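Please work through the following exercises with the sequence and the model in view, and try each task before reading its solution.

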Amino acid sequence: MVNPTSPALRYAAMQSGTWVGKPVERREDVELLTGAGRFIADLTRPGMLHAAFLRSPLPHANIRSVDTAAAKALPGVHAVFTGADLAPTIGQQPTPHRVWGQKDTPYYALARDRVRYVGEPVALVIADSRYLAEDARELIEVDWDSLPAVGNMDASLASDAPLLYPGWTNNVAGSFDQEMGDVDAAFAAADVVVSRRFSISRIFGCPLEGRGVLAEWEPTPQELTVWSSTQALHVAQDCLAETLGIPAHRVRVLVPRLGGGFGSKFHFYPEDVAVSFASREIGRPVRWVEDRSEAFLSTVHARQEVISAEMAATADGRITGVKANILGDMGGALHTMAYGPVWLTAVMMTNVYEIPNARVHLDAVLTNKTPFGSYRGWGQPQANFAVERLVDGVAAELGLDRFEIRRRNFIPPDRFPYRSLHHVFDSGDYAAALDRALELAGYQEWRIRQTQMRSEGRHVGIGVSFYVENTALGPSRLLNEGGVDQGGYDIAHVRVEPSGDVTIYTGLCDMGQGVTNALAQVCAQELGMDPDQITVVTGDTQMCPRTGYGTGASRSAAVGGAAVMKACGVIRNKIKAIAAHMLEADVADLELKEGAVRVKGDPKSHVSMADIGRAAYLRIKDLPEGMDPGLQAVEVFDPPQMAWPYGVNVVVVEVDIETGVVSFLDYAYVHDCGTVVNPLIVDGQIHGAVAQGISMALHEELIYSDEGQPLFSTFMDYVLPTAVEIPRLRLDHLMTPSPIIPGGMKGVGEAGVIGSPAAVAGAIEDALAPFGVQVDELPMTPDRIVALIDGARSQRMASHPA
Amino acid sequence: MKPPPFEYHAPDTIEEALAILANTGEEARVIAGGQSLVPLLNMRLARPELLVDLNRIASLAGVSQPNPDMIRIGAMTRQRTLETDSLVSTHFKVLAEAAKFIAHIAIRTRGTVGGSLAHADPAAELPAMMLLLDAEFITAQSGGVSRRLSADQFFVGPWSTTLETGEILEAVEIKTATDTGFAFSEVARVNGAFALVGAGAAANVGRDHELLSARIAFCGLSSTPRLLALPSEIVKGRPFNDELIDHVAAEVWRWAEPIGDIHARPEYRRRVAVALARRVLPLAVQRATVGATS
């Protein structure tokens, strides 16, 4: 067993090849840590102008007219555009994620006649500086016809609710149902049924770097170049082409350094279109950089769902059925990914358990709020929160231990591939992970200490959650059958240069997660080279091959890595053929090792990669007769199904019942993401995602008034944790290679965020067990914790009057 | 997030600064550390036509001891200095304790004592601490006019003081009190966030460890920083025990005028004010006892 207290030993156990599994320090870190990284806000172009958006101050209103005359007259202002200016040539914002029954919710780069949320772009000012653009913005006069607004789903679903889209009969933009087994029979026969209503608040990805776009139109030939803070290079390219009416191959999208994305930068935004339009109209480069207050209103929000769910079980703790009714709060329009995350919540409602009977229903509800979209984990943290809290509820009803109830219901290892509500799970040994977590956490010891601490008046609780993460999104055909016009494949272009060094071109984006390191390590492993000899080029549609999807869904290391492996396989064969010719050796006797092709067992007989490169491009006569010059491969990998990593969070918290403040006493985390390519990066992904999960559980909330007015505009209102609030994680890894991904990698990018909210909530509920409260709402702010305790106390007084 | 145009002056002397202010009137604002004003400018919530920057006026910065019984803190003294200055740590360690709760080190390194006091955010620590320490506020106006105000006179409402147009806060002076014990604590959503409630306590004890007087100042609790001088019938001459603490808690509960916002309801703030009172007062008493016997 790996010693979790020593990273060095832990990392040694994770190394499965020369380079795969090696804790190589990230190639970009010196640049980033010394402030040398260049982000959108660092880029300038000759003659570049600056943009500022006028945004709607009203949650719901018709626009009678917009008067831009005074703004246009301000010296230094080059243009002011409104929805009316864009209408003749610019299409509605695309929604590439389209599924059956999804309604069309048209919205535009600049609102035409109606706004549906505070922050919706209404006009665009282009000026010599951002200062002047903001001065001019104040001079724009909008004649508003304010409409009644809905600030929450209850109000939106009321029979007399104002309708966001005229002609609709209600505010539901789409619904979905899925069922398996005989749910009614399971519930009728159950010994115990637990019913809970879970409320997950509105939060968002909130990357350190906001969004930005720099657009430059070249009239001859008619080409658009856009530097964009996107995670999805080709989604941006396709959507720009579609909205602006330009052939996609004439749109070049470039991605500089990204300061995080967390899914919010997967989306395609109105600003991308409006700024590109402005550049085309004016004939000069235009840049817009999102400021922090804008980010809260204009970058997609996420997570907000209400889940009414029930779980049925037998007296011996076998879970026999799940029912869930899910409401997703979509905001004012369906954004790039529509209600995809809510759908994922619905189909993940059986989690890792062998539950034969399940029925889920979802409604995607429009409200007068910022549109809903992607954030690390998509709909999985919500589903995990609901299922894991229900499992805790069943355990409490039956007097079973929280670990034991889980162990009794896992999908057993011999049932894989396992067909869940929608997905097929590839592999897993869940009980092994649970056992390891029990040991790592010192669970039994904590239970003893908990009893002791309770007797001292301290409120200590232990929470556990088990998660599974859907990664390596695919296969492409299945996505299409689900109605989504996107692929799950990735293409890698690997080229050996004349120097013998290697360049990899990929459509994946480096958003700070370190994907270029992972691809270089995979390539280094396959070609027997040092990763320092391998350059990875990302973020340029003109150079990089197309990705079916983009960087999201924890797919880069698994799908992108497998594509690189495949391309390296082709190249390796050609390298060996060349070397065999040069060394007069048999191909079967050759191996690629330490930057050279070597004859096994004969250390003197070798040819360097530099010699191979020279032969391939410059000294063609060294190649075997009839062989074409050049040494490169372009290969596609389309995953046959998804890969499913999994893991366990064990959390120990103490609650100060007077102030409601939660502090962490311990946090143990065990996971299995298949083959680990770089353990430093994997650890970092877990740390960051767990921090975001803890933050979702305790801190973050985008609060709106009932009328749809946002009550947030700065970090004074929207609480993010600092390093102080995040406990030291004790990590351990199991490694069960995925049987369906060459190399055995599974994704890991979202893992930490999925199970942590449920575990933290479970720990708080356990700490407050003396009060008998249920923790079904997030975030558990100090105020809400105190209110829960007060509620329980007054209920107790009411039922047992002194 | 860019400010509208404004004129900017950075004078070297306080006389110069006062003269500029006298000539411009209400359209001018003084800028100190800028940790509150600059965001307000960028969000265009404050729109002064002219800024007078005090950062070059050396005489406004620093902690000094004008006489053995007094500590003077210049208005342009950085909040971070409260944590590192030896005079402060000798005489008012509690100021260092409270300063740690002001935002983060980077902000405290720029933010000033005077800036925080003149901004008078009800959730800010320093205004409440000045009430607790019974500080005197020394101001300057053009023409050599200077006023001395008690903390109570200085703070009149949320973000509102009795500083007049053209008047600059020059310093605060605090009488040293070796026989008094102090303590401060705070509950915030996260490290560095504004206080949900912060509480500072001061206590004097007699030779037999009986309580002579006690007071508790709160930030974040109400729409202004507030000081509760505990009624002498509760504290004077009483032994410090659980019964007394219960009386104090009841008094805080009754006295509090809690506010609500998106972070916490008034009921919560009242509850936390009581909880903090129960924590800081015993510590202040303990420190007073140590002081009295040493």
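This is a predicted model: local features need pLDDT of at least 70, side-chain atom pairs count only at pLDDT 80 or more; totals for chains, interfaces and linings use all residues.

**Exercise 1.** Describe the extent of the interface between chain A and chain B.

*Solution.* Begin with the residues: 33 residues of chain A are in contact with 23 residues of chain B. Next take the area, of which about 2,500 Å² is buried between the two chains, with carbon and sulfur atoms giving 56%. On the side of chain A, the residues that lose the most area to chain B are Tyr131(A), Glu658(A) and Asp783(A), which together account for 21% of what that side buries.

**Exercise 2.** Find the salt bridges and polar contacts across this interface, and say which elements of chain A take part in the side that touches chain B.

*Solution.* The rule finds six salt bridges across the interface, and Glu138(A) forms a salt bridge with Arg44(B), whose closest N and O atoms are 3.2 Å apart. It also finds 13 residue pairs in polar contact. Two or more residues each come from helices H5, H10 and H22 of chain A, and H22(A) gives the largest share, six residues. By class, this side of chain A has 14 nonpolar, six polar and 13 charged residues.

**Exercise 3.** Does the length of helix H9 of chain A agree or disagree with what its residues should span, and why is the helix described as largely enclosed?

*Solution.* At 1.5 Å a residue, the 13 residues of H9(A), 270-282, should span 18 Å, and the end C-alpha atoms are 18 Å apart, which agrees. Ten of the 13 residues are buried, so the helix is largely enclosed by the rest of the structure; among them are Pro270(A), Val273(A) and Phe277(A). Just after the helix, Gly283(A) takes a positive phi of about 80°.

How values were computed:
Residues are numbered from 1 along each chain as its sequence is written. Chains are lettered from A and ligands numbered from 1 in the order in which they are written. Side-chain values use heavy atoms; hydrogens and water are left out. Contact means heavy atoms within 4.5 Å. Buried area is the accessible area (1.4 Å probe) that two parts lose on being put together, summed over both. A salt bridge is a side-chain nitrogen of Lys or Arg within 4 Å of a carboxyl oxygen of Asp or Glu. A polar contact is a pair of N or O atoms within 3.5 Å; within protein, one must be able to donate a hydrogen and the other to accept it, and residues adjacent in sequence count only if both atoms are side-chain atoms. Helices (H or I, at least four residues) and strands (E, at least two) are DSSP runs, numbered from the N terminus. Ala, Val, Leu, Ile, Met, Phe, Trp, Tyr, Cys and Pro count as nonpolar, Asp, Glu, Lys and Arg as charged, and the others, Gly among them, as polar. The expected span of a helix is 1.5 Å times one less than its number of residues. Buried means under 20% relative accessible area, exposed over 50%, partly exposed in between (1.4 Å probe, protein chains only).
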